[in-house]
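Hello,

Please find the structure below, with its sequence. My notes on it follow.

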Amino acid sequence: MSNIAITDAAAAPAAAKPFLTRLAAGFVNRLVIIVPYVWLLFFFLIPFIIVFKISLSQTAIAMPPYTPVLDFSDGLSGFFGGFRELNLDNYAWLTQDALYFKAYVTSLVIAAISTVLTLIVGYPIAYGMARAPATVRPTLLMLVILPFWTSFLIRVYAWIGILKPEGLLNQLLLSLHIIDQPLVILNTYTAIFIGIVYSYLPFMVLPLYSSLEKMDYSLIEAAKDLGCPPTAAFWKITFPLSLPGVIAGCLLVFIPAVGEFVIPDLLGGSQTLMIGKTLWNEFFANRDWPVSSAVAVILLLLLTVPIMLFQQAQAKAQEQGK
Amino acid sequence: MNTTWSRFNVTSIVLGFAFLYLPIVLLIVFSFNESKLVTVWGGFSTKWYVSLFHNQGLMDATWVTARVGVISATVATVLGTLAALTLTRYTRFRGRILFSGMVFAPLVMPEVITGLSLLLLFVAVGLDRGFLTVTLAHITLTMCFVAVVVQSRLVSFDRSLEEAAMDLGATPAKTFFQITLPVIMPAIVSGWMLAFTLSLDDLVIASFTSGPGATTLPMKIYSQVRLGVTPEINAACTLLIAVVAVGVIVASIANKRREVQRQLDEQAAQRG
């Protein structure tokens, strides 16, 4: 890690310090960077490289079920010889089977629709919170964060009891004579939309709230004084000013939703085709590790642009916080 | 006119919170259902809680989950705090863009990808899947959340406090432990709690990285949910919610008290 050059190490009044103390401080400063850096390199970046290599290897009936890609047993020449064994068969397989293509497209479409739905549901909540009296705002904020602390799995599970044919929603609607046949919601795409909107709502509301709260409402009053109707004022002033929050919220919902597994598995039933579920099945049911790696690599490539947008938004927010 | 309770705002807040809380409330209510059917009310009973405590598999999984949670949250808090310090204090070092990328990307990375990649790493280095691998995986995921929480506190931190301490002759280490750490402590505590609950919660990454003998509670709940919805799972979920809710409430009360104490101290200091 010698390439990490510290240029503004904690602006200590160093000149007055004895040499050894300074040396120790420099070492500690370096450690602060190196420890998390090395950890993330080893447990986050290197695994992706391994996924990529295994996606190019052959399926084998063994444990682990793929031909080794990091084989040093024949020395270095054996290691480089191993590269010739690598091939794109698994990727070819993904293009031959329409199932995978459909799963990718379905996932992207479902994630996009759910993101829009979450925005529509979340915006009025965030707006109401931001305009609430300042004394109530911390409580409201706490109430939005609290469900985030309860298990994702539990929150998805709770909806099974509500949505199933003999579930609570159908009981309610039947007893109110709104419907006379139970609605089939569980194991459909509607259930997946409900599940994603419900589970990811706090991720949308929080960034929206923080950008709406910062907004200067005298702008709206000025618009009103100048004869601008409230709806036009909203679309011309409030919404554009909340755009950073909208973008951050949408990315926070969209990216994980594309690879979502629990929601399509529990609420969508066996018929739904989403890529997270496909990857899970390839891995756990078919035990085909190279193909599931190839599925993961393509999913990652699809998400590169949104993830980079997210990082830029984060870095920007960080700059503005200062 | 900055704050108004217009009818529209009140309605949207009430509906929004009803949507957020109703499913959880219903889940808790039906855990006390006498009937075996989850959705038909058959009278009040706590029998599912009793049968829960006689379910050895569930109890073992709870113990594993608690240990993984405490260990991974603690290590993740240390690493995450270091990462947050790096992100806010060292703005120019080579590899910084890669570093911030590695901190922010896991926040949104689909769990199936993280889980699969970590598993393949453990297989590649020849580490047997089990307690250790789940813990390592959870540290990696949750340290990034800790980093973001602590970082948001560090950004608004008044550096002049540190400079004052060092001008008065405190060593950097002493300054850190006596000035910086106490000020960012609330963020570190909430970072730890977030890491703990994320670990408690996680199904996908645990399923990939765990092995025999290290089945976590979400894995257990998931395998039972697949077989059907039972009041016993509702009871297990209710207990899990209760543990987290009590933790969050205790932490926020402690936080509030510390804040009040700090204000009193400040007033006392100003009176001299």
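The model is predicted. I begin with a helix pair in chain B. Helix 8 (residues 172-201) of chain B packs against helix 11 of chain B with the axes 11 Å apart and an angle of about 180 degrees between them. Angles over 145 degrees count as roughly antiparallel, so helix 8 of chain B is roughly antiparallel to helix 11 of chain B. On the helix 8 side of chain B, the contact is made by B:Pro186, B:Val189, B:Ser190, B:Met193 and B:Thr197. Helix 11 of chain B contributes B:Val244, B:Gly247, B:Val248, B:Ala251 and B:Asn255. By class, the residues of this contact between helix 8 and helix 11 of chain B are 6 nonpolar and 4 polar, with no charged residues.

Chain B as a whole

Chain B has 11 helices and 0 strands, and its pattern along the sequence is α-α-α-α-α-α-α-α-α-α-α. The C-alpha trace of chain B spans about 70 × 60 × 35 Å along its principal axes. Of the 272 residues in chain B, 45% are buried. Among contacts in chain B with a separation of 6 or more, 78% join residues 24 or more positions apart.

Confidence in chain B averages a pLDDT of 86, and 97% of the residues of chain B reach 70 or more. Within chain B, helix 11 (residues 231-271) has the lowest confidence, with a mean of 80, while helix 9 (residues 204-209) has the highest, at 93.

Chain A as a whole

Chain A comes to 14 helices and 0 strands, in the order α-α-α-α-α-α-α-α-α-α-α-α-α-α along the sequence. Buried residues are 41% of the 322 residues in chain A. For contacts in chain A with a separation of 6 or more, residues 24 or more positions apart account for 71%.

The mean pLDDT of chain A is 81, and 83% of its residues score at least 70. Two stretches should be read with this in view. Over residues 1-16 of chain A the pLDDT is below 50, although the model has 31 contacts for this stretch beyond near neighbours in sequence. Residues 71-79 of chain A also stay under 50, and there the model has 5 contacts beyond four places in sequence.

A helix pair in chain A

Helix 4 (residues 98-131) of chain A and helix 11 (residues 243-258) of chain A pack with their axes 9 Å apart, at an angle of about 145 degrees. The crossing of helix 4 and helix 11 of chain A is right-handed. From helix 4 of chain A, the residues in contact are A:Ser107, A:Leu108, A:Ala111, A:Ala112, A:Ser114, A:Thr115, A:Thr118, A:Leu119 and A:Gly122. From helix 11 of chain A, they are A:Val246, A:Gly249, A:Cys250, A:Val253, A:Phe254, A:Ala257 and A:Val258. This contact of helix 4 with helix 11 of chain A has 10 nonpolar and 6 polar residues, and no charged ones.

Two residues stand out by backbone angle. Most residues other than glycine have a negative phi. A:His177 has a positive phi, near 60 degrees, and is not a glycine. A:His177 sits in the loop between helix 7 (168-175) and helix 8 (189-213) of chain A. A residue is exposed if 12 or fewer other C-beta atoms lie within 10 Å of its own, so A:His177, with 7 C-beta neighbours inside 10 Å, counts as exposed.

A:Arg287, also not a glycine, has a positive phi of about 50 degrees. A:Arg287 is placed in the loop between helix 13 (275-284) and helix 14 (289-321) of chain A. With 14 other C-beta atoms within 10 Å, A:Arg287 is partly exposed.

A:Asp89 lies in helix 3 (residues 89-96) of chain A and is partly exposed, with 16 other C-beta atoms within 10 Å. A:Asp89 and A:Val291 are 202 residues apart in sequence, yet 9.1 Å apart in space from C-alpha to C-alpha.

The two chains together

The predictor gives the complex an ipTM of 0.84 and a pTM of 0.83. Between the chains, 88 residues of chain A are in contact with 71 residues of chain B. Helix 1 (residues 19-55) of chain A supplies the largest share of the side of chain A that touches chain B, 18 residues. That side of chain A divides into 65 nonpolar, 17 polar and 6 charged residues.

Regards

Methods: Residues numbered from 1 in each chain as written. Chains lettered and ligands numbered in written order. Predicted model: local features only at pLDDT ≥ 70, side-chain atom pairs only at ≥ 80, totals over all residues. Contact = placed C-beta atoms within 7 Å. Helix = DSSP H or I, 4+ residues; strand = E, 2+ residues; numbered from the N terminus. Nonpolar A, V, L, I, M, F, W, Y, C, P; charged D, E, K, R; others polar. Axes fitted to C-alpha atoms, helices over the stretch in contact; angles between N-to-C directions. Left-handed = near helix turned anticlockwise from the far one by under 90°. Buried ≥ 20, exposed ≤ 12 C-beta atoms within 10 Å, placed from the backbone. pLDDT = per-residue confidence, 0-100. Parallel < 35°, antiparallel > 145°, perpendicular 65-115°, else oblique.
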